[in-house]
Amino acid sequence: MPERIKASPADEGFRLELLSVLPHLRAFARGLSGRPDFADDLVQEAAIKAWTARERYQAGTNMRAWTFAILRNHYLSELRRSRRQTDLDEGVAERMLVMEADQEGPLHLGDMEVALQKLSPERREAVLLVGASGFSYEEAAEIAGCPIGTMKSRVARARADLARMLEGELGALDIKTRKTG
Amino acid sequence: MPGLPPEVRRDGEPGWAGGLRKLYNSVVDEPLPDSFKDLLKKLDDPDDA
């Protein structure tokens with residue numbers, strides 16, 4: 001009877017680390033794409049890619065950064081692929097986003113979600129990595145494959161865009177409420 | 001911190017920056033959906049992955 005091949009302790013350690021980053025990968029993918037189902041597909045595919053490439057991961061380094069880079073590259077290649085297949089009907093995408101955002105009602109996160117999706121893809125990625133996921137500029141630059149100065153500039157521009165969208169329009173509403181209230 | 005508008009936090013961070021983290025963390029805190037069952041099974045039984 002053939003002996004079943006046991007997973008090595010290194011594999012087991014890798015597996016546990018990979019499982020622990022799945023929720024973070026979901027949040028990053030959701031922020032990048034704005035589409036929950038697509039985001040979850042991306043995460044699962046990225047996790048399989050990470051598992052398949054586990055020999056290349058150096059234990060003790062940053063699993064989150066390593067898997068984020070895999071997910072990010074997979075996302076970009078899926079986008080390129082889908083652009084070749086069909087042109088996305090942006091009107092439909094926007095309506096779907098608004099519907100999803102409305103369902104977030106109690107947390108009032110819909111406005112942030114919509115604003116995030118209005119950013120350019122590079123700025124959205126940058127602010128998600130640094131502003132939401134808590135990576136350093138250096139780590140974020142490594143994940144996105146760009147110089148650190150470029151990452152800093154993208155984050156700064158994303159922050160300015162979000163401030164304009166969220167504090168400009170919504171802030172104006174707040175001020176109006178405060179003044180009349 | 002006196003003198004700062006209410007939408008700016010004590011550490012100088014604008015209010016929306018906390019909203020961005022809240023949005024991100026709301027997904028991190030979600031339980032993994034059922035669609036992840038197959039993936040988890042593969043990772044639970046690495047020999048089959």
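At what angle do the axes of α1(A) and α6(A) cross, and within what distance do they come? In this predicted model, the two axes come within 9 Å and cross at roughly 150 degrees. The crossing of α1(A) past α6(A) is right-handed.

**The α1–α6 contact**

Three residues of α1(A) take part: F28(A), G31(A) and L32(A). They meet R124(A), E125(A), L128(A) and A132(A) of α6(A). By class, this contact has four nonpolar, one polar and two charged residues.

**Chain A as a whole**

Chain A has eight helices and zero strands. From the N terminus on, its elements therefore read α-α-α-α-α-α-α-α under the DSSP-run assignment. The chain holds 181 residues, and buried residues make up 33% of them. Among contacts in chain A with a separation of 6 or more, 64% join residues 24 or more positions apart.

Helix α5 of chain A spans residues 110-118. Its buried residues are M112(A), E113(A), A115(A) and L116(A). Seen down the axis of α5(A), the buried residues fall within an arc of 165 degrees, so they line one face of the helix.

**Where chain A meets chain B**

On chain A, 31 residues are in contact with 22 residues of chain B. Elements of chain A that give two or more residues to this side are α1 (9-33), α2 (36-52), α5, α6 (121-132) and α8 (148-180). The largest share, 11 residues, comes from α1(A).

The table sets out the classes on each of the two contact surfaces.

| α1(A) with α6(A) | four residues | one residue | two residues |

**Confidence**

The predictor gives the complex an ipTM of 0.75 and a pTM of 0.77. Chain B averages a pLDDT of 75. In that chain, 65% of the residues score at least 70. Over residues 1-8 of chain B the pLDDT is below 50. Beyond near neighbours in sequence, this stretch has six contacts in the model. Where pLDDT is low, predicted coordinates should not be read in detail.

Key:
Residues numbered from 1 in each chain as written. Chains lettered and ligands numbered in written order. Predicted model: local features only at pLDDT ≥ 70, side-chain atom pairs only at ≥ 80, totals over all residues. Buried ≥ 20, exposed ≤ 12 C-beta atoms within 10 Å, placed from the backbone. Helix = DSSP H or I, 4+ residues; strand = E, 2+ residues; numbered from the N terminus. Arc of directions from axis to C-beta. pLDDT = per-residue confidence, 0-100. Contact = placed C-beta atoms within 7 Å. Axes fitted to C-alpha atoms, helices over the stretch in contact; angles between N-to-C directions. Left-handed = near helix turned anticlockwise from the far one by under 90°. Nonpolar A, V, L, I, M, F, W, Y, C, P; charged D, E, K, R; others polar.
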